[in-house]
Amino acid sequence: MTSPQVEVPFTSFYQQPLSDEAKTKKQEELFDSVIDDKLGTVPVRLIDTASGKLCSTGELCAHFKESRGYKEIQTKVLRANEKAMKAAVDAFFEFAMFSHRWSTTIDDEPTYDHIKGEESIYDLQTPPGIDKLQQFCKVSRENQFRWAWSDTCCIDKTNNVELQESIISMFSWYRLSSVTIVYLSDVTDEKSFRHSVWFTRGWTLQELIAPRLVWFYKKDWTPYIDSKQNHKEDPQVVKIISETTSIDQTVLNQFVPGLRDVGSDEVKKRMSWLASRKTAKIEDMAYCMMGIFGVHMPVMYGERKNAFVRLQKEIMNLTDDLSLFDWVGEPSELHSYFASHPSCFANPPAGPRRSSSKLSHIRLFQASKAFASAVGSTAVISIKKLLLDPPHGHFIANGKMNMPLFVHEVTKLIPADATRPPALNDDGFIDYLVKAEGLAEVKITTHRLLPAMIKGEYSPCYRLVRMWDLSLIPPEDAVKKADEETGSGDGDGERHEGFTHWLDRSDVLSPMATAVTAAVSHNAVVMFMSRLQEPFVAQLLIQRKQGGPYERVGTRERLIVAPSSGSITFRGIKILSVR
């Protein structure tokens, strides 16, 4: 029996064309969205350099809708495309940013309260710093920039929401500005330029790096160099800035904010730019770096040193770069593995150079024999397991840092000067001699007296540790080349004397161990161990009571530690909790 046919009414899928009225409405909505997007990227307030009046976002929008560019788009809105709309909006909202050294007397600077509601900043006579603001606006106007922004008066600092938004957005505002005008009130010539206090302030770091176009002006408001080109691209200016700030010349014009795809030591390098700078409020030493690192975190004045710890935690969430922990000096009281201040990242002397582990055929053969005679099959299998499944990095849980480390137990820690009771010297430091298992003796300098090691359960425990670093794993191309040179490879056994007789015996290895042995080249193991035999940067940890958390001991210099002569020992990774 067939089912009855159901007649389906015909429905046309043809869409009626929009009327001109509907098209116009759609285009106007698109134009409004382009305007809104632009207003979302410019400062919340800008000074109209033509009139001298401070304008809010709403007033900026109103001014644009009275402009020639807006009216031209409106008259041909049906034919205007999004690109033309953006061009009109961008041209109107070009703005200049001001960078300067605040007066040492804060009340000298014109604030939001001074200029809000005023018809023109050009008519004001007070406070004393109003002349600086007026000159900045005049220079902007003379160079055809309708809008200008200054940190002194374009932020209502009594409004916490606005203040927070401004601080978080400031890097991007400088980045998106058409020009940043830098006024150097203490500069008259090249010598004074080199020593300008502007290069010593925390906030001016991002004001130097973020903008794409910078003009420097001297004390008398004449350009530092006679050029409307980017002063940061002038070879002599860039050379002086680099020598003064220790910032690479390429960074000044090619800096990319954030930490995506950065190289090793990038965190420490950026921190070192700030190390010798100062801010009026201690919290600003952290807040002024948020844009440089691409970090977004709440602004909470009053938290003092905690701000810099929060910055380091946010950076840790963005990158595996271990140079975040490569600092000297005082650890934070809040968390001992974080630095207490950017000065801890000041450029240290050159550390140990890492070998490429690309050993020649003969050296690799010799290393294999030496390694084979020094360690057992269990150690080799452990290394291969580590290379197959390396640790996943560090993390914070319950207020403690959990870190994968190579751990060396300290067997001796005594004052270097054994002729007198332990005491800080005239500079407030004390030297200790430290000996740890598998490592050569090293001298450390610290600012605190360390608890003595004694016999019994109440003795503090010390450890010298090396952080796990993925760069310790030999590159695949280097391992492959070594395998080809030595005639060995994965899964076919090691042809070097010393490996074969104890690694490839089926009565010694379990099926799982045999699989691990086959999966990782012996040459990879040798290369890995050769790197572990090189000097490295260590940290000293103390465990004050048995079962308690570890704490990092602050030292005056980096601890460059070398393995003991003739010692070839593999110490597996341990996860320690550090407060």
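Reader: By the rule used here, how many aromatic pairs does the count come to?
Author: The count comes to 27 aromatic pairs, where rings of Phe, Tyr and Trp (its six-membered ring) pair if their centres lie within 6.5 Å; planes under 30 degrees apart count as stacked, over 60 as edge-to-face and the rest as tilted. Please keep in mind that this is a predicted model, in which local features need pLDDT of at least 70 and side-chain atom pairs count only at pLDDT 80 or more, while totals for chains, interfaces and linings use all residues. Residues are numbered from 1 along each chain as its sequence is written, and side-chain values use heavy atoms, with hydrogens and water left out.

Reader: What makes the pair of Phe 64 and Tyr 70 edge-to-face?
Author: The ring centres of Phe 64 and Tyr 70 are 5.4 Å apart, with 75° between the planes; that angle is over 60, so the pair is edge-to-face. Both rings belong to one aromatic cluster, together with Phe 31, Phe 92, Phe 93 and Trp 147.

Reader: How do you know that Tyr 70 counts as buried?
Author: Buried means under 20% relative accessible area, exposed over 50%, and partly exposed in between (1.4 Å probe, protein chains only). Tyr 70 has 12% relative accessibility, so it counts as buried; Phe 64 is buried at 0%.

Reader: And why is the pair of Tyr 183 and Trp 221 called stacked?
Author: Their planes are at 5° and their centres 4.3 Å apart, so the pair is stacked. Tyr 183 and Trp 221 are both buried.

Reader: What makes Asp 90 and Lys 38 a salt bridge?
Author: The term asks for a side-chain nitrogen of Lys or Arg within 4 Å of a carboxyl oxygen of Asp or Glu. For Asp 90 and Lys 38 the closest N and O atoms are 3.2 Å apart, so the pair qualifies. Asp 90 is in helix H4 (residues 82-92) and Lys 38 in helix H1 (residues 20-39), 52 residues apart; helices (H or I, at least four residues) and strands (E, at least two) are DSSP runs, numbered from the N terminus. By this rule the count comes to 21 salt bridges.

Reader: How do you know that the buried residues of H18 line one face of the helix?
Author: In helix H18 (residues 476-486), the buried residues are Ala 478, Val 479, Ala 482, Asp 483 and Thr 486. Seen down the axis of H18, these fall within an arc of 135°, so they line one face; the arc is that of the directions from the helix axis to the C-beta atoms. An α-helix has 3.6 residues a turn, so residues three or four places apart point the same way. On the other side of H18, Glu 476, Asp 477, Lys 480, Lys 481 and Glu 484 are exposed.

Reader: What makes the charged end of Arg 552 sit over the ring of Trp 327?
Author: The term needs NZ of Lys or CZ of Arg within 6 Å of the ring centre and within 35 degrees of the ring normal. The charged end of Arg 552 sits over the ring of Trp 327, 3.8 Å from its centre. Likewise, the charged end of Lys 281 sits over the ring of Tyr 301, 4.5 Å from its centre.
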